[in-house]
Amino acid sequence: MAYPDVYHANDNRYETMPYNRSGNTGLKLPAITLGLWHNFGDDRPLETQREILRTAFDHGVTHFDLANNYGPPQGSAEANFGRIMAKDFAPYRDEMIISSKAGWYMQDGPYGFGGSRKYLVASCDASLKRMGLDYVDIFYHHRPDPDTPIEETVAALDFLVRSGRALYVGVSSYSPELTRRAQKIARELGTPLTIHQPSYSMFNRWIEDELLATCADEGMGVIAFSALAQGLLTDRYLDGVPESSRLGAHKMNSGFLNDDTLTAIRELNAIALRRGQSLAQMAISWVLRRDEVTSALIGASSVEQLKNSLGALDAAPFSDEELAEIDKWAVDRGINQWQGATESV
Ligand SMILES: NC(=O)c1ccc[n+]([C@@H]2O[C@H](COP(=O)([O-])OP(=O)(O)OC[C@H]3O[C@@H](n4cnc5c(N)ncnc54)[C@H](OP(=O)(O)O)[C@@H]3O)[C@@H](O)[C@H]2O)c1
């Protein structure tokens with residue numbers, strides 16, 4: 001094994017990471033959060049997962065984002081995280097923000113999808129069991145559900161907090177209007193929503209129209225997921241499609257990488273190099289340029305990728321000229337696969 005079996009977290013772990021307040025709440029999140037959607041299922045070696053998680057925590061990444069269905073198979077990312085939690089991170093539980101979610105498909109039958117109280121409460125309990133935790137720090141409704149009244153979903157989130165299963169609650173991929181409705185109900189119940197988790201990157205800018213302002217008005221933080229556009233906004237595809245990549249492994253829509261998008265990736269890569277950054281680093285700096293964005297939520301399939309991405313924290317601020325140049329290429333490129341869920345309610 002390349003690293004010691006007994007983990008002692010880096011003593012300097014809080015020296016470089018900025019921590020931002022989530023909206024007007026008391027919760028501070030690291031500028032960069034690690035997500036476990038891909039790369040933490042049973043198809044990946046547990047030791048690699050462990051090394052990535054250790055590296056993250058050693059660099060001040062206190063926030064780990066999970067969901068009931070992450071894997072493959074569904075549930076395995078939480079189970080693997082639970083194993084590593086027990087081995088390495090148990091002494092550090094109070095220094096970690098661990099989130100989970102329910103809303104997307106988890107199991108067959110009427111209680112494995114949506115926003116019902118039945119699904120959310122049972123799923124939260126199952127997530128806690130898989131991860132070996134007493135509580136999660138943040139629990140999200142993972143996507144809007146047209147078949148459940150928003151009052152029921154938000155009341156279920158309130159219940160999760162009151163029953164001690166979650167400390168904070170949030171929503172994901174909600175439209176501005178649904179966010180306002182949900183927050184009104186949540187406030188009336190006494191458990192305001194702490195955070196919104198939407199997709200956001202240089203190739204997917206939908207939240208700039210209204211959602212960012214809505215979240216600021218509603219006192220909610222914003223954690224921007226797939227800030228690297230699932231790897232498109234990195235050097236991964238500059239010279240073809242590696243077999244080991246998300247696209248090469250058919251875990252991403254192959255239509256996302258067309259000729260126009262590849263041209264944009266190359267142009268943006270050239271801008272990043274002129275700034276002395278990797279494209280991944282520039283993509284992370286770019287989502288964090290907005291004050292409303294609390295944290296950039298990224299994935300990594302290796303320690304090297306994660307370390308490279310963390311280098312975004314050393315970046316110089318963007319000049320107006322650089323932002324204008326980026327704007328020529330940073331346009332919506334049809335990669336928001338969550339749009340249908342947002343528009344479903
Ligand atoms: N709320 C929701 O509905 C929702 C939906 C999606 C995601 N999320 C959350 O957001 C997290 C991040 O999503 P994501 O994995 O799509 O994020 P992402 O950061 O946009 O993409 C991650 C992928 O980019 C590549 N990569 C990362 N860093 C790199 C680097 N420095 N250089 C080169 N390539 C690099 C890797 O691709 P390869 O695997 O090809 O190496 C990695 O798997 C998820 O884990 C999850 O927690 C939430």
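Which residues are the closest of those that surround the ligand? In this predicted model, they are Gly-35, Trp-37, Gly-231, Thr-234 and Gly-299.

**View 1. The shell around the ligand.** The ligand is surrounded by 32 residues. By class, 17 of the shell residues are polar, 11 are nonpolar and 4 are charged. Strand S10, residues 293-298, and helix H9, residues 303-310, each supply at least two residues of this shell. H9 gives the largest share, 3 residues.

**View 2. Helix H1.** Helix H1 spans residues 46-58 and has 13 residues. From its first C-alpha to its last it reaches 18 Å, close to the 18 Å expected at 1.5 Å a residue. Arg-50, Ile-52, Leu-53, Thr-55, Ala-56 and Phe-57 of H1 are buried. An α-helix has 3.6 residues a turn, so residues three or four places apart point the same way. The cover over the buried residues of H1 includes strand S3 (32-35), helix H2 (76-89) and H9. After H1 comes Gly-60, with a positive phi near 90°.

View 3. The peptide bond from Gly-71 to Pro-72 is cis, and its omega is near 5°. Another cis peptide bond joins Pro-72 and Pro-73, with omega about -10°. Pro-72 is found in the loop between strand S4 (63-65) and helix H2, and Pro-73 lies in the loop between S4 and H2 as well.

**View 4. Asn-39, with a positive phi.** Asn-39 is not a glycine, yet its phi is positive, about 75°. Its place is in the loop between S3 and H1. Is Asn-39 buried or exposed? Asn-39 counts as buried because it has 21 C-beta neighbours inside 10 Å, and the cut-off for a buried residue is 20 or more.

**View 5. Ala-229, with a positive phi.** Ala-229, a residue other than glycine, has a positive phi near 50°. Ala-229 is found in the loop between strand S9 (221-225) and helix H7 (259-274). How many C-beta neighbours does Ala-229 have inside 10 Å? There are 23, so Ala-229 counts as buried.

Technical notes
Residues are numbered from 1 along each chain as its sequence is written. This is a predicted model: local features need pLDDT of at least 70, side-chain atom pairs count only at pLDDT 80 or more; totals for chains, interfaces and linings use all residues. A residue is near a molecule or strand if its C-beta atom, placed from the backbone, lies within 6 Å of it. Helices (H or I, at least four residues) and strands (E, at least two) are DSSP runs, numbered from the N terminus. Ala, Val, Leu, Ile, Met, Phe, Trp, Tyr, Cys and Pro count as nonpolar, Asp, Glu, Lys and Arg as charged, and the others, Gly among them, as polar. The expected span of a helix is 1.5 Å times one less than its number of residues. A residue is buried if 20 or more other C-beta atoms lie within 10 Å of its own, exposed if 12 or fewer, and partly exposed in between; C-beta atoms are placed from the backbone. Two residues are in contact if their C-beta atoms, placed from the backbone, lie within 7 Å.
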